[in-house]
Amino acid sequence: MSAWAEQRSGSGAWAERRLAASPAADMLLAAALGALQTLAYVHTAAWALQLLCIAGLAWRVQAATPRRAALLGAAFGTTWVASGVWWLFISMHRYGGLPAPLAAAAVLLLALVLSGYLAVATAAAARARRGHWLADAGLFTLAWLATELARGLIFSGFPWIATGYAQIDSPLAAWAPWIGVYGIGALVAWAAALLAGAVARGWRIAAPGLLGSVVLLGLPALIGPGEFTRATGSLKVTLLQANVPQDEKFVIERLPATLAWVAAALQQAQGDLVIAPETAVPLLPEQLNDFDPRYWPQLREHFRRPGAPAALLGVPLGDFQSGYTNSVLALDAAGTPYRYDKTHLVPFGEFIPTGFRWFTEMMNIPLGDFARGPLNAPSYALRGERVAPNICYEDLFGEELALRFTDPATAPTVLANLSNIGWFGDTIAVTQHLQISRMRTLELQRPMLRATNTGATVIIDHRAHVSARLPPFTRGALSGEVQGRSGRTPYVAWVGTIGLWPLLLAAWLALALLAWRAGQGAPGKLAG
């Protein structure tokens, strides 16, 4: 009998016999739990639901063979991703013109690929299992952290539904300025695994772990996240929401009305700064000049008038011959030559991965092959504040935004996200992206201004509180005030220095080493 098999005794062996008797039921349970937790990403008051779903997975994994653990991880991970980002189907089918079966297959394939990380990690955790409730909880937590880091970093990363985003309104959110969204996800996995241990081994045995879990969840709510930054100045801002349906955005007959509204809203704005969303002007400069040669000169002339606010405007820049960028352009009285070019591009939508041009050519995606901007871009200076733009998908990557804080003299005091989530229709993507932005404000302790095409257009303070908002899928302008912040959180200090790649490598190496030692029958393994 192998060293791994010899561990199975007592309640662990009983649980495994239950698993062996109903493999299909276990797979269905894992799949259902993976899908069910999607509710917590939208209705964040239900954050405990996610913890219970992950606890259900941990309960089954902690008594499974490595092969069964891999299948459970794959089932949970596939439905987790598929139910969380199903709206990609809308962008590919409704707006991209990809046949519905192919669009559905593409979403399912993405979910299967990304679930592979969780399948491998849970298999390794099962192989390395030591038979002690506390050690096993640690292994499950390590597997979870390794999974989320891999999904967020490898192949440019896709961390849209990282665990921590569902915890933005839970007590664990207080840990954000210390350990970031991935650290919060690891704490959720730890608490879930302790709960699973109590179910599998008995409440009396696991009572110390459960008590620790309660403290872990409750203590942050009592002490708060801490104040690592201080107020600077304030800006009066106007955020535009154009509400242009994606299937009309590039239609030539609709462009005059769209461009006229954007120009009028920009010119009517009051205060210090007005921000228009990503590709609010959806034409390259040469195209716009052919369409309306007076458009840019009139806007520049308006914003050079004394007393006019400054503007940050989402627009593609460049040309088809030399390349083009998804950019933010400044217009102000001083004629400041400021532009920000998006650096973290969306695969298939903004750049074409090697070997996949055949796939993107099956869809109708205008401006689908952007050039990248610099990673550590400067901020836009205005009235003593430094406004740091990021475009749409970029605010998923807090570790990249943290790079802008390495020099206190140039660090942003305000973040501004310019987005167009119109690609995904009237779906949960709008609410999910809002929670992502809120997490960034906690990690970095900076306010976030969100100017979007269809929503959520909001002002978020440095404590993740939404102080003003427009209803989604309406056209309008949101006016309010934002207070800048200076200083660095512990999260900014460490992630801006070492990044996340060392943690990713360490987590997977630790899992691999522990699994290998277990396979060798290393001494010191605990029974039962």
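I count a contact when heavy atoms lie within 4.5 Å. The model is predicted, so I took local features only at pLDDT of at least 70 and side-chain atom pairs only at pLDDT 80 or more, while totals for chains, interfaces and linings use all residues. Residues are numbered from 1 along each chain as its sequence is written, and side-chain values use heavy atoms, without hydrogens or water.

**Entry 1: α3 and α6**

I took helices as DSSP runs of H or I with at least four residues, and strands as runs of E with at least two, numbered from the N terminus. I looked up helix α3 (residues 23-36) against α6 and found an angle of about 35 degrees, with the axes 7 Å apart. Axes here are lines fitted to C-alpha atoms over the stretch in contact, and angles run from 0 to 180 degrees between N-to-C directions. The α3 and α6 crossing is right-handed.

From α3, I listed Pro23, Asp26, Met27, Ala30, Ala31, Leu33, Gly34 and Ala35. They meet Arg68, Leu71, Leu72, Ala75, Phe76, Thr79, Trp80 and Ser83 in α6. I sorted this contact into 11 nonpolar, 3 polar and 2 charged residues. My classes: Ala, Val, Leu, Ile, Met, Phe, Trp, Tyr, Cys and Pro are nonpolar, Asp, Glu, Lys and Arg are charged, and the others, Gly among them, are polar.

**Entry 2: α5 and α6**

Next I checked helix α5 (residues 47-61) against helix α6 (residues 66-84). Their angle is about 160 degrees and their axes are 9 Å apart. That makes α5 roughly antiparallel to α6. My cut-offs: under 35 degrees is roughly parallel, over 145 roughly antiparallel, 65 to 115 roughly perpendicular, and the rest oblique. α5 passes α6 in a right-handed crossing. Cys53, Ile54, Leu57, Arg60 and Val61 of α5 touch Ala69, Leu72, Gly73 and Phe76 of α6. I noted 7 nonpolar, 1 polar and 1 charged residue there.

**Entry 3: α10 and α17**

Helix α10 (residues 176-201) packs on helix α17 (residues 429-444) at about 140 degrees, with the axes 8 Å apart. That makes α10 oblique to α17. I found Ala176, Pro177, Gly180, Val181 and Ile184 of α10 against Met439, Arg440, Leu442 and Glu443 of α17. The classes are 6 nonpolar, 1 polar and 2 charged.

**Entry 4: the largest pocket**

I read a volume of about 1300 Å³ for the largest pocket. Of its 48 lining residues, Leu88, Val346, Pro347, Phe348 and Gly349 are the closest to its centre. A pocket is an open set of points on a 1 Å grid, where a 1.4 Å probe fits, with protein on both sides within 12 Å along at least five of seven lines; lining residues have an atom within 4 Å of a point. α7 (88-95), α8 (100-128) and α15 (357-360) each supply at least two lining residues. The largest share, 9 residues, comes from α8. I sorted the lining into 36 nonpolar, 8 polar and 4 charged.

**Entry 5: backbone**

Gly455 and Ala456 are joined by a cis peptide bond, with omega about 0 degrees. I placed Ala456 in the loop between β9 (448-452) and β10 (458-460). Cys392, a residue other than glycine, has a positive phi near 50 degrees. I placed Cys392 in the loop between β7 (385-391) and α16 (398-401).

Key: A crossing is left-handed if the near helix is turned anticlockwise from the far one by less than a right angle, and right-handed if clockwise. Grid points are joined across faces, edges and corners, and a volume is the space filled by probe spheres set on the points.
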